[in-house]
Amino acid sequence: MNEPELPVALEKWLRSLHRQTKSLAPADRAELLDGFRSHFAESVAAGASVPSILQEVGSVDAVAEGAYGALGEQRDHETYWGLKRVLQLAASALALGAYVWVLLIPWSSSVRIEADGSYVHSTELVAQSGDLAALIGFALPFLVTLPPLLVSQRMFTLLSMATAALLTVVACLGWISNPGFFLYAPAALAAIAAAVVPRKARAGSPRRLKEQNAFL
Amino acid sequence: MVSGTQLASLRRGLVEYCVLAELDRGSTYGFDLVKKMQSQGLIAGESTLYPVLARLKANKLVESAWYESEEGRPRKYYTLTPLGRESLEAFRLLWPPLSKAVSTSIRKDDDE
């Protein structure tokens, strides 16, 4: 069914509310705007003048603020943002742990024949190799987990997805290259979780509803 | 002093259940709901109600859909869901003792 058409001033008010509620979940935003649209149409049909309708509904700012309050976006936003940051931090810690572990992996081994004819086996760890390319290369998965921790929320999503993708590639290198790369798999999983957790929750999850009912 | 935000949250929480109770009497459209609740002194106007309705829908306590009115005008109707009815029933049990307890708690000593 087509939505009711409204006088220009009321359409303008709705467009303004649409702009000012862009952080709401799309479904909540659409529901809110539909409610006001239907209400305005009824008011017009009941003979109310446009100025009186606008006066009754109040400023877009106040309505938008009320909508954010009612739909709990700010609180959920902070909650999920915190969770994403914790997961990203976990990815960094796991990547650092994997790097330290990699440093302790034997890099090369050699056998030396002593004067008495005995064999002396010696093993050199990655950390002892002095191979700068290897040391930096193995550190890269850890380093790529850091930028998302240093940027604003707007950039976080993009960077955390890039980090998750890179760490996944690195972990998969374990199959075709050095199995040491598998050590980055837990970090990759944490980074994927950080990337996929929604930045904003849908307002009013069943859990929150239960909490609310428990309080009341 | 009680802040405006605290009062708004308190009122909004209660209004939600009043909306559910109103919808429990039958599906209706927003304009009608605003008028009823305004006359009961529960809300100041539509700016309070529609965010609450959006929240209730997000919580799956109400459903909404466009229907054609008798005058041929598209109208958004709101209906209580089974979950909404369940939530309302729970509130109906909780509210009387809670209301009594709060009244007792905030009563001035010289009222006794």
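Helix H4 (60-71) of chain A, helix H1 (4-24) of chain B and helix H3 (46-58) of chain B each supply at least two residues of the lining of the second largest pocket.

Before I go on, the ground rules. This is a predicted model, where local features need pLDDT of at least 70 and side-chain atom pairs count only at pLDDT 80 or more, while totals for chains, interfaces and linings use all residues. Residues are numbered from 1 along each chain as its sequence is written, chains are lettered from A and ligands numbered from 1 in the order in which they are written, and side-chain values use heavy atoms, with hydrogens and water left out.

Back to the pocket. A pocket is found on a 1 Å grid over the protein atoms alone, as an open set of points where a 1.4 Å probe fits, with protein on both sides within 12 Å along at least five of seven lines; lining residues have an atom within 4 Å of a point. The second largest pocket holds about 260 Å³ of space; that volume is the space filled by probe spheres set on the points, and grid points are joined across faces, edges and corners. Its lining has 13 residues, and A:Gly66, B:Ala8, B:Arg12, B:Ser47 and B:Thr48 lie nearest the centre. Which helix gives the most to this lining? H4(A) does, with four residues. By class, eight lining residues are nonpolar, three polar and two charged. The classes are these: Ala, Val, Leu, Ile, Met, Phe, Trp, Tyr, Cys and Pro are nonpolar, Asp, Glu, Lys and Arg are charged, and the others, Gly among them, are polar.

Now chain A as a whole. Chain A has 11 helices and two strands, and from the N terminus the order is α-α-α-α-α-β-β-α-α-α-α-α-α. Of its 216 residues, 40% are buried, where buried means under 20% relative accessible area, exposed over 50%, and partly exposed in between, with a 1.4 Å probe and protein chains only.

The two strands of chain A, E1 (residues 106-113) and E2 (residues 119-125), pair in the antiparallel sense over seven bridges; strands count as paired if DSSP finds at least two bridges between them. A:Pro106 has A:Leu125 in E2(A) as its bridge partner. Five residues lie between the strands of this hairpin, and A:Gly117 takes a positive phi near 90°.

In helix H1 (residues 8-20) of chain A sits A:His18, which is partly exposed at 37% relative accessibility. A:His18 and A:Arg29 are 11 residues apart in sequence and 7.4 Å apart in space, C-alpha to C-alpha.

Next, the rings. Nine aromatic pairs turn up over all chains. One of them is A:Phe36 with A:Phe40, a tilted pair at 6.2 Å centre to centre and 45° between the planes. Rings of Phe, Tyr and Trp (its six-membered ring) pair if their centres lie within 6.5 Å; planes under 30 degrees apart are stacked, over 60 edge-to-face, and the rest tilted. Why are these two about one helical turn apart? Because they stand four residues apart in helix H2 (residues 26-45) of chain A. A:Phe36 is buried at 0% relative accessible area, and A:Phe40 is buried at 0% as well. Ring pairs also link A:Trp13, A:Phe36, A:Phe40 and B:Tyr50 into a cluster.

Chain B has four helices and three strands, in the pattern α-β-α-α-β-β-α. Of its 112 residues, 41% are buried. The strands form an open sheet in the order E1-E3-E2, with antiparallel pairing. The edge strands are E1 (28-29) and E2, each pairing on one side only.

E2(B), residues 62-68, and E3(B), residues 74-80, pair over seven bridges, while E1(B) and E3(B) pair over two. B:Tyr77 in E3(B) stands opposite B:Ala65 and also opposite B:Tyr29. The hairpin of E2(B) and E3(B) has five residues between the strands, with B:Gly72 at a positive phi near 90°.

What lies over the face of B:Tyr29? B:Arg75, at 3.8 Å from the ring centre. The criterion is NZ of Lys or CZ of Arg within 6 Å of the ring centre and within 35 degrees of the ring normal.

Last, B:Lys60. This residue is in the loop between H3 and E2 of chain B and is exposed, with a relative accessible area of 56%. Phi of B:Lys60 is near 65°, a positive value in a residue other than glycine.
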